[in-house]
Structure formats: C-alpha cells, structure tokens
Amino acid sequence: MIDYQETALLFHLKAKRFSYILQILDNKLLVHRYFGKRVEHFSPDNKITYLDRAFSPNPTSKDRTFSLDTLPLEYSSNGLGDFRTSAIEVTCEKGTALDLRYQAHRMYKGKPALSGLPASFGDEDQVETLEIDLYDELTDVTVTLFYSIFEEANYLTRSAVIKTGSQAVKLEKALSMTLDLPHKQFMVHTLTGRYGYEKEWTKTPLTQGKYSVGSIRGASSHSRTPFIALADPIATEEQGDIYTAQLVYSGNFTAFVETTALQTTRLGIGLNDEKFRWQLAANDSFQTPEALLSFTPNGFTGLTWDSQHFARHHIARGKWAHKERPILINNWEATYFHFTENKIVELAQSARDAGIELFVLDDGWFGKRNSDTCSLGDWVENRDKLPSGLSGLARKINELGMAFGLWFEPEMVSEDSDLYRAHPDWVIQIKGRSHTYSREQLVLDLSKEEVCDYLIESVSAILQSANIAYVKWDMNRNITNIPEYQANHQKNEFYHRYMLGLYRVLETLNKRFPEVLFESCSGGGGRNDLGMLYYMPQAWASDNTDAIGRLSIQEGTGLIFPSISVGAHVSAVPNHQTGRVTPLSTRGNVAMLGNLGYELDLHALPEHKITEITEQVKTYKSIRQTVQFGDYYRLKKTDNTYAYNYVNDDKSQVVFTFVKILSQPEAPLVQVKLRGLDASAQYYSKELDATFYGDELMNIGLTMPHVQKDYFSVQYIFHKQ
C-alpha cells in the first residue's frame, strides 16, 4: 500500500480508488505532490514548477522562485513565508514560527491506537502506516505526522504528535491535517442545521477566500458536523470527483477550505484553535485527533458507500458493530416523567404483543426526578415509582421476552441534587460568577479525574444492578462558564481535557459492559459524530420525530453515517415537535429507513392502529438485514419528493421507499428509477403483485401512485425470482 522511492525521497500511498503522494525536497521540506484518482506509478521526472511570484518571500536570497507561500506544504507554520492558514502554531521564547524539516520516517503494517482518543482500527492486512518526523532546530520541536492507508476501504487517516525537547512551548494551534490542491473548481458540501433540524446537506460554491464550519460549544453540535467535502461542481450521485475530510472527535473543531490568489486550494480539519491552547513542558507531547481523508470518482454514492463502510468496519467496535439492532419502544412521549412500574409493564406487554423486542425506560427513573429541574447526578433508582427496583422491572420485562434498556444523562447535574449539594465544586464554573443554566442543568467538570471516576462507578453500579441490555446516553446542553484554571491547566486547555475525560469514561464502560448496546444522544443529533460512534455504534439522529422533518435529517446523516447507526422512531400525532399530522404508514416507512423504534402510548391507539404497527414490525424484521447492512441509494429527489432503495449483498432483496410531501393540483406523474439491482434477474413485489426485470426497474423505473393526499408514501419490497 505504500511505495517508497528512496532516490527521489517520494512516498506513494495507494488506496483502492486514489493515490496520495508526498515528497521530501532537497532542502528537507515535506511537500504534497498528488491526491486523486489512483495511478500505479509516479515518475521522479514529474517535477514541481517554480516561478518568481511577487510578494511571496524567499527562504534564500539565491533563488527568488522558491517560496513557502506557493509550495504545497504538507504541514505548515506561519511566520516564515506561508501566508495561508497554517496547520500548527506555537509560542515560546524563540518566537512563534516553526521551520519543519524532514528528519526520519518509518513504515510498517497495521496502525497504532491514539492515546486517549477514538480512532480508526484495522488488521495488518488491511492497513499500513507511514510516520514522518519533521524537526525545528531552533525550538527543538518535533512533529510526527501519521499516515495510515486502508487500501480496500479507500481511506487515508492522518494525525500528528507534537513533541518538545529541551524547552517548553505553548501550542496555539494543532490541526490534524492540511492538504493543498492545485485548483479551486469545487462545490463545498457540509452538514449544517440546528436543534431538531440536524445534518442538513448544504452546498456552497467555492469562491475566493475562506469557507469554514466549526463549533466552540464543547460538542460537535447540532449546527455543524466534523465533515467537509470538495466536489466537482457537476458531480452527480453516480459520477464525479469528490474529496472528503472527517474528524474522529466530538468536541470543538474546525473544517475549512481556503483559496489563494493563484487559484490553489488548502483544505484543513482539526481542533478549533479559537478556544484552544496547550502548555507543553520540556520533553512533553500532544496528540491531535484523527482525520479521515478519502477520494472517489464515483460521485456522492461513492462517497456514501466508502464512508458508511469505513464507519461500520473501522470505527464502530464491539459486539454490536455487526449485529442486527433490535426494534425498540421508548416510553418518553407516552408518559414523560409520570409513570409507575405497573404502567411501564403494561406498555411493555402491548409492545411485546406487537413484536417489539426492546423496552427503553427514559428519563424519570432516578432520584426524585419528577421534572427536569432536579436529581441529575443522583443515579439511584426511585423506589416510589419502581417498587421492584430496576432489577425487578428488568426481570418483568425479560419475562415478557423483551430486552430492557435505560436512559442516562451522566455528564449533567441539577442544582437540586444530592450530588451538587455534596460536590458543588464538581461543576464547570467561574469562581465569583453566577452559573449559566440550560434546561436548569449544569455540566459536570470531566477534566477532573475524580468526577470521571464518580461517573464510571455510579453508572457501573446501575448497569450491574439489573439486566440492562441498552443505554441511551444523553447530553442536553452545551458548555459555558469555562474556568480560568483547572488543576493548574490553562483555561483554553479545558475543552479538550473535558473530551479526554469523557472518552476515558466511555472507554472504561465499554470494556466493563461489552454486551450493552450504547446509543449516543445530545438532544438528538447534537454530538452525532465519528468520535461518539467509536464508543456507541448507534445514535439518536434527532429529537424531531416528525416523519417529514426526518427526511432531510436522515438523508444528511446517511450521506456519511451507516443506516445501522441511525435511531429512527414512529411517534404520536400531532407530532410533539412540529404539530404535524402524518399517516402512520408514512411514519413507519420513514422510520424503517434506519433502526426502527416507537415512541408513543400504544394504549391510546385504536385497535386498527395497533394492527398496523404489528404489521410494520413484522415487515421491518423481514427487511432489517437489507436496511441495516445493505447498499443504500438516494434516488430521484425534488422539493416535494424523496425516494430511496436498499439492496442486500447478493441483490436478492430490494427495499424501495417513496415519500411525497404535499399534494398539488394537476401534478405531473412521478417516475423513479431504482439502482443497484441485478440487471438480468426478475424481481417480484407482493405490494404491487407484479414482476419486473432488474434492468427494467433501473432504466425505465416505476410510476408512483397518483394520490391526492399530503404526506403520502409507499414501500415496495422486491425479491429476486
């Protein structure tokens, strides 16, 4: 996977569909030579073109054509002639600039773990790693760049370790990667949004200057995702060059693309330097989070397949990474805080009768939690509500043939709680200032080791007390009131130290409870990123359970995340977030595009609705393998329609879904072409009671029913004959 030409000092990293080429120049600068469609060979005769560019400074008076400002530098610092956005900045008594020159390199099979951070993984036959040491003599700083190439998975990972020598430095910026590309003809694709409207696929023309997304909320956030793609402006679902960068991190981040006057492009991703500084003592080191890079010539479907496959096989870990996910029911919208043990068991019995497999008890089971104003942090079961305790309730649920799950919000604390009264110093706060509240919650200081230890032990005690198969881990506010100092650390170290503390908690719980299915949540999709996916292979995509609202949320999520990771529920109508009334059939069809669940009071429904839910559950069980593990295709989309199909590995089953949002007078017929089928095979659909050839479905397509109803949908399941 890695070719090294010693005489040319050139490294050629080969993935399935791309090549990534680096070169060490005679003056020991490390430069980027090529990233794009795979080539088998790269000739040493393919030289860099040097020109005398006005106002681009020269490191030597002997050559006015050589400038750091125009070189495609692999990891640059400002201050010595490169005026583009830098990858690294330090301050020390010797100044702020780094002159990083090649010192050594190492190549080996496999890939090392990142200390304290989530990162991709692979066997020695799946991945090879290149380490390159760059050294600045004046400051005695070494930057080791890590490149791990997953050939078959079509991904390259990058990270950096910054090491000090004889003197201390302050690290002001440490991106995981930058990349220089030789042109600027791109459309920028990001995932933006807000609470209840997450992962909206946003397309922005790249113009002169800089475009960036990022977060300083202490979480990756509802409004931004650690992902950026540069696409050929005419790229389609099936063809077109697309470069992507993602960050395996759940806190403050930045992702940017910058164009230059010479019409080149610099892409970068990593920790957000706006709220970052790290004190490095002598002989100290700092590890950046890991960035993922990929390239596909196969359009947005190629991007999606590569990203979904990589997340499933090289990010998500443990028993649940490749195991079918259960159909669940969550009691939240059925009861909110007001439930009894008998009520929960009755709900579970009704869910069992409908074929649902997992019952999840949401907020309100602990402390004196009868509203969202108290008891967060007091992870002790409420015996007034649950006289049998969690163990007794879990046993009753299990006796129904269902698994039992539980909601937590461990990172938060209520002022009205035993934990806060015992440890008011455990919350994030500025001494002398009043608290800033959100949902009447405060955030525990996970930069403190004793707080992390408390969370590990208190959550462990609950998980050990009962047969709990699933945990929904929530986080319902962002971080404010950052303290000036914490344990003698600089203020701007806090956000990253918080994430390191959280990751330690999650890693410990993963190891202690490998059988538990953890689902991440942050008011829905407020921290739905690859960092959390490493510990929790499932995410609650949004608190917005409205089927129509979920279409764009789930489409954006599915651009990069696998369907098996997306929690999607059928809820009551009028919808609790939007007030919209949609048919139960459409709510079910949209939820079946991810991991199906229910969030409503079955006892409040008429018998024919219970029968319909029972049929939905039965249907989903018959297509679950295809939806959760198959190939995902986005089909024809307009402002008023969405269409998708999934195809399983041997193309024997196809699941097709079409949703129309609003009825229109004299609307034209809608024809949708399917994708990914066996062209020569025949496919039968029970719903249509008809048989079609694969090439017929893909090239001619299906005419959608002309039904004059809002929020109309169909689901057709095809089986190869």
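Predicted model: local features only at pLDDT ≥ 70, side-chain atom pairs only at ≥ 80, totals over all residues.
Visitor: Okay, now the whole thing. How many helices and strands does the protein have?

Guide: Helices (H or I, at least four residues) and strands (E, at least two) are DSSP runs, numbered from the N terminus. Here you get 12 helices and 38 strands. The radius of gyration is 27 Å, close to the 27 Å that the globule rule gives for 721 residues, so the protein is as compact as a globular protein of that length. That radius is taken over C-alpha atoms, and the rule is 2.2 Å times the number of residues to the power 0.38. Along the principal axes, the C-alpha trace spans about 85 × 70 × 45 Å.

Visitor: What percentage of the residues count as buried?

Guide: Of the 721 residues, 61% do. Contacts (heavy atoms within 4.5 Å) are worth a look too. Among those with a separation of 6 or more, 69% come from residues 24 or more positions apart.

Visitor: Which residues does the UniProt N-terminal domain annotation cover?

Guide: UniProt, in an unreviewed entry, gives "domain: Glycosyl hydrolase family 36 N-terminal" for residues 29-281. UniProt positions are in the numbering used here, feature names are shortened, and annotations may be inferred rather than shown by experiment. That stretch is 0% helix and 46% strand, and its end C-alpha atoms are 26 Å apart. The record, again unreviewed, also places "domain: Glycosyl hydrolase family 36 C-terminal" at residues 642-718. This second span is 8% helix and 43% strand, with its end C-alpha atoms 19 Å apart.

Visitor: And ring pairs: how many aromatic pairs does a search find?

Guide: A pair of aromatic rings is described by the distance of the centres and the angle of the planes. Rings of Phe, Tyr and Trp (its six-membered ring) pair if their centres lie within 6.5 Å; planes under 30 degrees apart count as stacked, over 60 as edge-to-face and the rest as tilted. Searching the whole structure turns up 36 aromatic pairs. Take Phe366 and Trp379, a tilted pair at 4.4 Å centre to centre with 45° between the planes. Both residues lie in the loop between β22 (358-361) and α4 (389-399), so the pair ties together parts that are 13 residues apart in sequence. Phe366 is buried at 0% relative accessible area, and Trp379 counts as buried at 5%.

Visitor: What is the ring partner of Trp426?

Guide: Trp426 forms a tilted pair with Tyr454, 5.6 Å centre to centre and 55° between the planes. Trp426 lies in the loop between α5 (418-422) and β25 (441-443) and Tyr454 in helix α6 (residues 449-465), so this pair ties together parts 28 residues apart in sequence. Tyr454 is partly exposed, at 23%. Elsewhere, ring pairs link Phe18, Tyr20, Phe35, Tyr147, Phe186, Tyr243 and Phe295 into a cluster.

Visitor: Which charged end sits over the ring of Tyr534?

Guide: A charge sits over a ring if NZ of Lys or CZ of Arg is within 6 Å of the ring centre and within 35 degrees of the ring normal. Over Tyr534 you'll find the charged end of Arg317, 3.7 Å from the ring centre. Lys203 does this with Trp201, at 4.6 Å.

Visitor: Why is helix α10 described as largely enclosed?

Guide: Seven of the eight residues of α10 (residues 584-591) are buried, so the rest of the structure largely encloses the helix. Its buried residues include Leu584, Arg587 and Val590. Among the elements covering them are α9 (547-560), β29 (566-571) and α11 (607-629).

Visitor: Last one: where is the cis peptide bond with Pro574?

Guide: That bond joins Val573 and Pro574, with omega about -5°. Pro574 lies in the loop between β29 and α10.

Technical notes:
Residues numbered from 1 in each chain as written. Heavy atoms only, no water. Buried < 20%, exposed > 50% of the residue type's maximum accessible area, 1.4 Å probe, protein only.
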